[in-house]
Amino acid sequence: MKYLAAILFILISLTAYSQEKKWTLMECMEYGIKHSPRRNKQEAQNSIYHQNYLEAIGQLLPSINANTSASFNFGRGLDSETNTYTNVNSFSNSYNLYSSLTLFDGLGNINRLKMQKMSKLMGKHQLEYTEDMIAFEVMEAFYNVLYNIERVKLAEQELAESTANLKQVQRMMELGVKGFPEVAEMTAQEAANTYNLTRQKNILTIGFILLKEKMNFPIDETFEIEDSDPLAIIARSEESAYTIFEQAKTYLPQALVAETTVEAQQLAYKAAKGGLFPSIAVEGGYSTNFSRYMDGSDYSSFDYQFKNKMGRYIGFSLRIPIFNGFSRTAEMRRGKAQVVIAQTQQEETLRVLYSEIEQAVADMNGQVDEYYQAKKQTEAMEVAQRVNERKFSEGLISAIELHTSANRLLQARAEELNSRLKFQLKHELVLYYKGEPFVVR
């Protein structure tokens, strides 16, 4: 019974923990990266790059092969012992072990090895870029959920205030201070706020679904998120976008992918040009055989023939390409065109990167101004709302004016929240461009 009670206690504790656990932004990003199909796909591609690299290394090593063959000869044939023709049926069996090594091929194999090594490096940068993009998408969805959570809280607060105002007006009508029109207006306001709360909850549900999609989290499971600590200082960036860009293009994965792609294509072009040069190879090997007549005559044993017929050879070969249907020249021209394409893509990538950095810095600095203006607006609206509530209780303004004032306050609070969360998102993006990854690898 004690063991059963202990197991039940542990299960209850784990259940309570899973229900109380709140996911932080970092946990959501790490989960999204770990379970992303895009990351798994890129890792599989990197495995292919690694195998190509091993294959390129193998092209520089000697090749070793062995073969054997057996044949029956019926009728006229060549006697392997006397090298004369006979009419006796015979059996022969041969064995060969040989190796070859390319000494020179216009540096084609060496350049292919360098190209595959560069492709491995490119795959590493592609994986980093994929992880960064996954983390940023999760971050966007996370902040969107935070915003919608706060909108639900504001809607609940607004509904609570309208309900309290309705009760107050109903009481004042009973006392003869207010009439039915005010009660009707406050009832309509409460209904509108109830609808707004329902709408905001639905938007929050959709936001959670989007966050789960970005994280590849099970849709049927529920989880809660924890608000990240707001930044203590919300200030403009003093660095220019160009300064950040000059640094970023030396370490950001997307810039490095473009750079390594150009280098890999240049090496592929050099390897293709190597196909136009003569190639020199050395070959060597061992060979032996066994043979006998099938007429029942005596023959030397297999061991004797295998040992005494052993031969060795070594040789060199020179292969000069003269004409092969334009395949080598076409491959070289394709390689040259691929270099131009890669260089153009690199220029485009850097241009887009600079534009993104400039936009991120401008957005972050703009959100600073918007936040402080929204904060001032909220403070002014809160004062105005308290004054209007007092005026309404004294009969100096109508319910419509009070409702309008409450809506303006709600909008001001929402704008302040929106500008704060947008600043945090843009601030994290600018830090990323400065070299701080979203998730530490």
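## A loop residue with positive phi

Asn-216 is found in the loop between α5 and β6 (224-225), where helices (H or I, at least four residues) and strands (E, at least two) are DSSP runs, numbered from the N terminus. The model is a predicted one, in which local features need pLDDT of at least 70 and side-chain atom pairs count only at pLDDT 80 or more, while totals for chains, interfaces and linings use all residues. Residues are numbered from 1 along each chain as its sequence is written, and side-chain values use heavy atoms, with hydrogens and water left out.

The phi angle of Asn-216 is near 60 degrees, which is a positive value in a residue other than glycine. With a relative accessibility of 41%, Asn-216 counts as partly exposed; buried means under 20% relative accessible area, exposed means over 50%, and partly exposed lies in between (1.4 Å probe, protein chains only). Another residue with a positive phi, although it is not a glycine, is Phe-326, at about 70 degrees. Phe-326 sits in the loop between β8 and α9 (327-393), and its relative accessible area of 57% makes it exposed.

## The four-stranded sheet

Strands of a sheet pair through backbone hydrogen bonds, either parallel or antiparallel. In this model an open sheet of four strands has the order β2-β5-β7-β8, with antiparallel pairing; two strands pair if DSSP finds at least two bridges between them. Strands β2 (63-73) and β8 stand at the edges, each with a single partner strand, so one side of each is left without a neighbour in the sheet. On average, and with direction ignored, neighbouring strands of this sheet are turned by 20 degrees against each other, where axes are lines fitted to C-alpha atoms, for helices over the stretch in contact, and angles run from 0 to 180 degrees between N-to-C directions.

Strand β5 (residues 90-104) pairs with β7 in the antiparallel sense over 14 bridges. In β7, Thr-288 is the bridge partner of Tyr-95, and Tyr-286 is the bridge partner of Leu-97. Strand β7 also pairs with strand β8 (residues 311-319), again in the antiparallel sense, over nine bridges, and Gly-315 in β8 is the bridge partner of Glu-283.

Which residues does Ser-279 contact, leaving aside its neighbours within four places in sequence? They are Phe-104, Asp-105, Ser-317, Leu-318 and Arg-319, with contact meaning heavy atoms within 4.5 Å. Ser-279 itself is found in strand β7 (residues 279-293), and it counts as buried because its relative accessibility is 17%.

## Helix α4 and its packing partners

Helix α4 (residues 108-174) packs with helix α10 (residues 399-433) at an angle of about 165 degrees, and their axes are 10 Å apart. The two helices α4 and α10 are therefore roughly antiparallel to each other; angles under 35 degrees count as roughly parallel, over 145 as roughly antiparallel, 65 to 115 as roughly perpendicular and the rest as oblique. The crossing of α4 and α10 is right-handed, a crossing being left-handed if the near helix is turned anticlockwise from the far one by less than a right angle, and right-handed if clockwise. The residues of the contact of α4 with α10 divide into 15 nonpolar, five polar and eight charged, where Ala, Val, Leu, Ile, Met, Phe, Trp, Tyr, Cys and Pro count as nonpolar, Asp, Glu, Lys and Arg as charged, and the others, Gly among them, as polar.

Helix α4 also packs with helix α5 (residues 180-215), at an angle of about 165 degrees and with the axes 8 Å apart, and α4 and α5 are therefore roughly antiparallel to each other. The crossing of α4 and α5 is left-handed. By class, the contact of α4 with α5 has 21 nonpolar, 13 polar and eight charged residues.

Leu-154 is found in helix α4 and, at 13% relative accessibility, counts as buried. Not counting residues up to four places away in sequence, Leu-154 touches Leu-410, Arg-413 and Ala-414. Leu-154 and Ala-414 are 260 residues apart in sequence, and 7.9 Å apart in space, C-alpha to C-alpha.

In helix α2 (residues 25-34), the buried residues are Leu-25, Cys-28, Met-29, Tyr-31, Gly-32 and Ile-33. The buried residues of α2 pack against β1 (22-23), α3 (37-58), α4, α5 and β6.
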